[in-house]
Structure formats: structure tokens, C-alpha cells
Amino acid sequence: MDRKQGYFITHPNGLVSHYHLDDFTDPWLPASQKPVIMFNYGCARTSEMWYHWVPHFARDYIVIRRVSRGQGKSSFPKRHSPWSDQENNLYEGGYGYDIDVILDEIVDMLNQLGIQKVIFFGEATSGEVGHYLAAKNPDRPEAIMNLGTRGWNEALSKTPRTLLTHDAAYTEWLLTEAGKTTSEGLAGYVIFLTKLNSRQVIKDIDCPYLILAPTSSAVVPKAEIEWQASQAPNVKVVTIEAPGHEIFVEAADACIKATRDFLDDLKLQ
């Protein structure tokens with residue numbers, strides 16, 4: 001496939017992960033001088049939602065936009081348990097839909113692409129995946145970054161101070177993009193998220209950690225941000241002024257600047 005359509009990785013467990021790769025770094029530079037940043041969105045989004053971030057990073061970084069399990073064109077295992085039974089969660093092939101399996105797939109993607117170290121950027125629920133990656137695979141992330149917290153688009157679009165509701169065209173585009181994920185694929189991922197809680201591993205994050213914290217979100221408690229900052233030994237918190245929760249859209253320029261400043265200070269290149 002071409003760069004616009006993206007690429008696919010087949011994992012040893014048989015599932016397929018879709019991703020986009022943008023690289024406008026100088027072609028003569030060795031791989032050691034081309035840091036890699038992986039953008040991971042939250043729930044019910046697509047990799048297209050990073051469209052305005054890519055140009056700001058792809059000149060200096062290899063940019064990977066990973067599509068989460070069961071969303072977009074990333075495959076998902078057929079569920080054998082009834083959807084009402086969220087305790088057993090049996091899937092075809094004995095797929096263990098948990099954080100360990102998701103981490104194995106992320107690491108396998110890096111391995112297949114020949115990438116040893118990565119900067120992991122997690123938007124919303126993917127921030128918790130980043131916590132686990134840093135805690136359980138400390139040799140892979142050079143840094144992690146977390147933007148916002150949990151939320152689902154259709155509900156958030158009707159909740160004050162969450163989605164960018166004053167832009168009807170954006171809201172319609174966002175919901176259309178989210179609609180590219182099948183209901184079955186999304187449902188499995190949502191069940192996975194309901195059992196995901198990274199609070200117990202934040203203290204084990206040793207790599208540099210950036211938190212972009214919205215000032216006016218209805219779903220990101222200030223106390224939670226402060227607690228996370230008190231747990232991680234190498235954390236930086238940047239407060240982002242915005243009218244709501246979706247700061248990666250509402251305050252994209254401020255978020256991008258804070259991210260670039262953070263990465264520039266690390267001198268990864």
C-alpha cells in the first residue's frame with residue numbers, strides 16, 4: 001500500500017495492526033539519528049485525527065500513527081463469550097485481550113520495523129497503555145507523553161467542556177471517522193479499557209514523562225494529574241489553556257509546542 005493508505009503488520013498471534021508511517025527526515029542520516037515517535041489515539045478515533053500534528057514532527061522524527069486493536073483497519077478476534085459476560089471474555093484462538101498482549105503487539109511492531117527505541121505519545125486512554133509500556137518494557141521507550149484522559153466521542157460531543165462542540169463541521173468529521181470502526185471491534189476494545197488501570201505502575205516509570213493537562217476538561221480531574229505527577233520520578237506537567245477536553249484539537253499549537261520543547265530538551269537526535 002502507499003503512504004496515504006498506510007501499512008500492515010501481522011503479529012505471531014495472527015492479528016493484524018494497521019499503521020501509518022511518515023518520514024521526511026534527511027535520507028542520508030543514519031537510523032541512530034532518526035528518533036521515532038509513535039502517536040496512539042484514545043477510544044473510537046482514527047489515525048487521521050493526528051493530521052495536523054504530523055507536519056510538525058515528520059521533518060525531524062520518523063512518525064508512526066498506530067491504529068489500536070479492533071479499530072479502523074486493525075483486525076480483532078471474534079468473541080466467543082456473550083457480550084453480557086465481561087468476566088470470562090473468551091475470544092477465538094485463545095486471544096488474551098489484556099494489557100500484556102497489547103504490549104506484546106506494540107513491541108512486535110517495533111521489532112518488525114527494526115525500531116529499538118520509541119517515543120510513545122498516548123492520547124486519552126492510550127496514555128495508560130504508555131504507562132504500562134514504560135513500566136514493563138523500560139528498554140523500549142525513550143520517553144512517554146500523555147494527553148488528556150478517557151472519553152468517547154458521541155457522548156463527549158453532548159457534554160459541556162469536552163468535545164469542540166462549537167465547530168459543527170469538525171464534530172461531523174470526527175463522528176464520521178469514528179464510524180469507520182465496526183461496533184464489534186470497538187466493543188471488544190472498550191471491554192479491554194474497562195479493565196485497564198495503570199495507577200499501580202506509574203511509580204515504576206523511569207523514562208522522561210510529559211503530561212499535557214487541560215485546564216477546563218470535565219473528565220480530567222486536576223487532582224488526578226497532581227497525583228500522577230507525585231508518583232512518577234521524571235515527570236513534567238504542562239498546563240494547556242483550552243475551553244474543553246479535546247486539547248489536541250482545541251489547543252493543538254500549544255500542545256505541539258510543549259511537546260517539541262520537551263523533546264528538544266531531551267536531545268534525542
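**Rings and a cavity in a predicted model**

Modeller: Phe76, Pro77, Arg79, Trp83, Tyr91, Tyr97, Glu184, Gly185 and Gly188 line the largest cavity. This is a predicted model, where local features need pLDDT of at least 70, side-chain atom pairs count only at pLDDT 80 or more, and totals for chains, interfaces and linings use all residues. Residues are numbered from 1 along each chain as its sequence is written, and side-chain values use heavy atoms, without hydrogens and water.

Biologist: What makes a residue of the lining nonpolar, polar or charged?

Modeller: Ala, Val, Leu, Ile, Met, Phe, Trp, Tyr, Cys and Pro count as nonpolar, Asp, Glu, Lys and Arg as charged, and the others, Gly among them, as polar. The lining of the largest cavity has five nonpolar, two polar and two charged residues.

Biologist: Why is the pair of tyrosine 7 and tyrosine 19 called tilted?

Modeller: Rings of Phe, Tyr and Trp (its six-membered ring) pair if their centres lie within 6.5 Å; planes under 30 degrees apart are stacked, over 60 edge-to-face, the rest tilted. Here the centres are 5.7 Å apart and the planes at 35°, so the pair is tilted.

Biologist: Why is tyrosine 7 called partly exposed?

Modeller: Buried means under 20% relative accessible area, exposed over 50%, partly exposed in between (1.4 Å probe, protein chains only). Tyrosine 7 has 27%, so it counts as partly exposed. Tyrosine 19 has 7%, so it is buried.

Biologist: What makes the pair of tyrosine 95 and tyrosine 97 edge-to-face?

Modeller: Their ring centres are 5.3 Å apart and their planes at 80°, so the pair is edge-to-face. Both tyrosine 95 and tyrosine 97 are buried.

Key:
1 Å grid on protein atoms, 1.4 Å probe; cavity = no way out; pocket = protein on both sides within 12 Å on 5 of 7 lines; lining within 4 Å.
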